[in-house]
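I opened my notebook to get to know a new structure. Come along and look with me.

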Amino acid sequence: MILDKYSLYLSKVPSELFVDASSVYGTTHAIRVLILVDKLSEEQKLDPLSKNVLHYGALYHDIAREKDLNDNLHGYKSFEKLQNTNFAFGKIAKENFEILKFVIENHSLTDSQAKDNIRNYKLINKDLAINLLNILKDADALDHCRFGHIDLDSLHFESSRKYVSFAYQLLTIFREKIL
């Protein structure tokens, strides 16, 4: 079953970090985005270290989201909140830490804003950082199925489109098995 592979994460998502863990941007959203990120990472044939960055990004990208309205700064707030916890950043290499920071902080911004912001980060591989950001944004967009609609035009990769039905199936599984 789909959830078996991710059962460890289901028990480890720190619900206390979320402003409202039961909201539409809470822990179940984070786990679904994690699963979608994992699928999209496999599709893009990413290396394990890049996948690791995306897994952390998926789990923590919305922890500081305070409202359901459009909040472009919640990515910055989420990374700041993550830094103020006892999160074990030691597991992430310095370059990957900076990519994780870029991905979380910029996931809530437009693509052009993120590209403008990239100069503010100490990134060795900017193309990789943009690629990982786009994967997280696609996974996040796919989980918008919980609102009844996925904006296909917002997807960065053509290959992400083939996961639309999977995203809806995943939501159904979560509603039946978790809620």
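These entries cover a helix pair and then a pocket.

I worked from a predicted model, where local features need pLDDT of at least 70, side-chain atom pairs count only at pLDDT 80 or more, and totals for chains, interfaces and linings use all residues. Residues are numbered from 1 along each chain as its sequence is written, and side-chain values use heavy atoms, with hydrogens and water left out.

**Entry one: a helix pair.** I looked up helix α3 (residues 27–43) and helix α8 (residues 126–142), whose axes come within 8 Å and cross at roughly 125°. Helices here are DSSP runs of H or I with at least four residues, numbered from the N terminus. Axes are lines fitted to C-alpha atoms over the stretch in contact, with angles from 0 to 180 degrees between N-to-C directions.

Which residues of α3 and α8 make the contact? From α3 I noted His 29, Val 33, Leu 36, Val 37, Leu 40 and Ser 41, and from α8 Ile 135, Leu 136, Asp 138, Ala 139, Asp 140 and Leu 142 (contact means heavy atoms within 4.5 Å).

**Entry two: the largest pocket.** I found a volume of about 540 Å³ for the largest pocket, a volume being the space filled by probe spheres set on grid points joined across faces, edges and corners. A pocket is an open set of points on a 1 Å grid over the protein atoms alone where a 1.4 Å probe fits, with protein on both sides within 12 Å along at least five of seven lines; lining residues have an atom within 4 Å of a point. Of the 24 lining residues, Asn 70, His 107, Ser 108, Asp 140 and His 144 are the closest to the centre. α7 (111–117) and α8 each give two or more residues to the lining, and α8 has the largest share with 3 residues.
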